[in-house]
Amino acid sequence: MIIKGYILIIFFSLCSFNISFSQDKPIIYLFPGQGSDERLFDSLEFENYSEIVHIHYPIPEKGSSLADYAKRISKQIDTSQYFIFIGVSLGGMIITELNDFLKPKESIIISSAKSRSELPFRYRFQKVIPLYKIVPPKLMLAGAKFLQPIVEPDRNTNKETFKSMLSSKDPLYMKRTVAMIINWDREIANENIIHIHGTKDHTIPIRNVEPTHIIENGSHMMTLTQPSPINKILLDYLNE
């Protein structure tokens, strides 16, 4: 009986050790932007993190809000373990919504907005005069392909990757995600959200934003095109 007791003690001790060890390194969930996918994070470094999960975006339901969409996305999150959110652009907005009902160890958004007031005027204007509604989905996707290199010339550093990511998007997905962003009604965000933003972001200009970290000359595409300063910031938070 004594031997069995020692065996049980050792067994439960090992179990406790394994649980605490796994919790030392939370799962990292990566949320891409509207016109991108997991390739957007190829230049970022996650040393010693064995579990990286890429979030995939389904086509939003008609009339879906960003809050509704975030609840749908939340089904991809394993909340039984510690986790960290990192999101770019639309991904950052989804993370902001998720923070209302999930408790990540860290939430880091890049080239994004935490509330409606941080969006550029062209989005806020269309909530009043919804011109986007008359644009067919295929034309909206074609317009995004045309405007992307003009609005964000830094994307030409990885031109083929950005072209491929955007071309893979379903036109209906593009139209409905645009509608969600335009109609986003969030006024305040969790104050613990870490916000990294570039001074040359033309998609979400920094003049509208209150970031916690500023990347000089950083563009909207900087996770892929200018990763070095972002990697340094991420390393500080991931190693805490």
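Before that, a word on the model. What we have here is a predicted model, in which local features need pLDDT of at least 70 and side-chain atom pairs count only at pLDDT 80 or more, while totals for chains, interfaces and linings use all residues. Residues are numbered from 1 along each chain as its sequence is written, and side-chain values use heavy atoms, with hydrogens and water left out. Helices (H or I, at least four residues) and strands (E, at least two) are DSSP runs, numbered from the N terminus.

Let me begin with strand β1, residues 27-31. Two strands are said to pair if DSSP finds at least two bridges between them; by that criterion β1 runs parallel to strand β3, residues 83-88, with five bridges joining them, and Tyr 29 stands opposite Phe 85 in β3. With strand β2, residues 52-54, β1 also pairs in the parallel sense, over three bridges. Taking buried as under 20% relative accessible area, exposed as over 50% and partly exposed as in between, with a 1.4 Å probe and protein chains only, five of the five residues of β1 are buried, so the strand is largely enclosed by the rest of the structure. Both of its faces are covered, with Ile 27, Tyr 29 and Phe 31 on one side and Ile 28 and Leu 30 on the other.

That brings me to the rings. A pair of aromatic rings is described by the distance of the centres and the angle of the planes. Here rings of Phe, Tyr and Trp (its six-membered ring) pair if their centres lie within 6.5 Å, and planes under 30 degrees apart count as stacked, over 60 as edge-to-face and the rest as tilted. By this rule there are five aromatic pairs. One of them, Phe 31 with Phe 85, is edge-to-face, at 5.2 Å centre to centre and 80° between the planes, and it links distant parts of the chain, from β1 to β3, 54 residues apart. Phe 31 is buried at a relative accessible area of 0%, and Phe 85 is likewise buried at 0%. Tyr 57 and Tyr 69 form a tilted pair, 6.3 Å centre to centre with 55° between the planes. Tyr 57 lies in the loop between β2 and α2 and Tyr 69 in helix α2, so this pair ties together parts 12 residues apart in sequence. Ring pairs also link Tyr 29, Phe 31, Phe 83 and Phe 85 into a cluster.

With contact meaning heavy atoms within 4.5 Å, Leu 66, Ala 67, Tyr 69, Ala 70 and Ile 73 in α2 meet Leu 90, Met 93, Ile 94, Glu 97 and Leu 98 in α3.

Finally, the backbone. Most residues other than glycine have a negative phi, and most peptide bonds are trans. Ser 111, which is not a glycine, has a positive phi of about 50°; Ser 111 sits in the loop between β4 (106-110) and α4 (121-128), and counts as buried at 0% relative accessibility. Asn 217, also a residue other than glycine, has a positive phi near 65° and is found in the loop between β6 (213-215) and α8 (222-225), where Asn 217 is partly exposed, with a relative accessible area of 44%.
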